[in-house]
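Please keep the structure in view while reading.

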Amino acid sequence: MNVSAFIRKTASKDKATIYFRVRDTDCDIKASSELSINPSYWSSERQGYKTRVSLVRDEDRQELNIAVQDIIKLISKEYYKGANADWLKRTIFVYHHPNAYKLMGSDTVELRLSVQIDRYIKNKGFEKRQACSVHSIVGKVERFEKFQRTINNKKNYTMCIDTLTAKDLEMFYDYIVKEHTYYNLYPELYKGVGQWSGNIQRSDNTIHSIFTRLRTIIRWCIHQGYTTNNPFDTYDIPKSLYGTPFYLTIPERDQLMNADLSATPHLEMFRDMFIFQSLVGCRFGDLLRIKPDHVIDGVLEYIPHKTMKHDARTVRVPLADKAMAIFEKYKGRQTLTLFSHYNNPDYNKGIREAMKIAGINRLVSILDPVTRKDKMQPLYEVATSHTARKTFIGNLYRQVKDPNLIASMSGHVNGSQAFSRYRAIDDEMKLELINLLD
């Protein structure tokens, strides 16, 4: 096998592109590079500049000559039987863009973080809502890169998985924290970006979620063999902070269940969905997937969609009488699923309206995600679909403090840290006991 460099005759007297050729048994392929030279200075024998070229600096001549030899060495190293012109083009391209591309056998892997995020989403096969949530990081990464290139004058700055460092993550964190101010300072950077995406200050928990997902994506890239670099080895992810979980007590749940909502059938359905969810503990996405045949001999059986890729165990939840009554009410409808499909914002709005009508107005302490200060709001203003799940877990946890037993019905993985937030209930129960001494 022989690799050589050459130039072709060109109409330009000042500039000719340098090509590379590979010849072997049954192989004769050529491809251009991004190197160029004045044709009158080219030496076919030396495959670079002629020995004496007075009008070109020694440094420039040496730089091009070394580049030509480096490309020849790379092609020779990566060559394999059956290689074609496309392979040669990719190999030369990787030489010119070492931080953005990587050769893996006959394939070229793009190393940009934004590209790898989308590759990760495709590989995992997320449902639409989860895919959109992860994909939103791509926009943040690309805006950060643009910010570095245009505002901080870091030419060609790109976040690549092979070269990403803890320092890059620190700069990205600083950018994410301040982006809502940059939105107004540098409007030219945010053309086409809605206010909801760039003009709202992010909470620490939101930033924690972004970086947790990034760490998962980097680990996936390492597992796939795309890189061995893990900047999170020396970078501490920003901490998240959650308030004490709030949920409906059993009397409040029954108060909502018994409220007369017949004048508003859509709110009645939202209410029934919420009560059923609070009695079986499933996530909102799984609630919409439940079909009548998922209930067998009074037991709901389903595989949680969020964890099915790494933990496909079937969750079995016996239906209490109140849950069975709702199941019987809706199972005969001419639909594939037990409940109609609604998007999460409409569902949240509906259950809040239903709670307001039912008088579920107990004040609860809410941790403001941005200021991290407590504030008091009535339950009907802050309830969401997740409140139903917390109602299921919280009321069970008050009676039986066995996270694994509850997790077997709620769809949490074993050892989930989510249950640690319910330990505050222990203090409430202790206080109730202490008050018996008064």
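## Helices α8 and α9

In this predicted model, helix α8 (residues 250-258) packs with helix α9 (residues 265-280) at an angle of about 150°. Their axes lie 9 Å apart. The angle is over 145°, the cut-off, so α8 is roughly antiparallel to α9. The crossing of α8 and α9 is left-handed.

From α8, the contact takes in Arg253, Leu256, Met257 and Asn258. They meet Arg271, Phe274, Ile275, Ser278 and Leu279 in α9. By class, the residues of this contact are five nonpolar, two polar and two charged.

## Sheet β1-β2-β3

Strands β1, β2 and β3 form an open sheet in the order β1-β2-β3, with antiparallel pairing. At the edges are β1 (2-7) and β3 (27-37), and each pairs on one side only. On average, neighbouring strands are turned by 25° against each other, direction ignored. Strand β2 (residues 16-24) is joined to β3 by eight bridges. Ala16 has Ile37 in β3 as its bridge partner.

Two helices pack on this sheet. Helix α1 (residues 58-78) touches β1, β2 and β3, and its direction makes about 30° with that of β2. Helix α2 (residues 85-96) touches β2 and β3, and its direction makes about 25° with that of β3.

## Sheet β8-β9-β10

An open sheet of three strands runs in the order β8-β9-β10, again with antiparallel pairing. Its edge strands are β8 (295-296) and β10 (315-318). Two bridges join β8 to strand β9 (residues 299-302). Val295 has Leu300 in β9 as its bridge partner.

Notes:
Residues numbered from 1 in each chain as written. Predicted model: local features only at pLDDT ≥ 70, side-chain atom pairs only at ≥ 80, totals over all residues. Heavy atoms only, no water. Axes fitted to C-alpha atoms, helices over the stretch in contact; angles between N-to-C directions. Helix = DSSP H or I, 4+ residues; strand = E, 2+ residues; numbered from the N terminus. Parallel < 35°, antiparallel > 145°, perpendicular 65-115°, else oblique. Left-handed = near helix turned anticlockwise from the far one by under 90°. Contact = heavy atoms within 4.5 Å. Nonpolar A, V, L, I, M, F, W, Y, C, P; charged D, E, K, R; others polar. Pairing = 2+ DSSP bridges.
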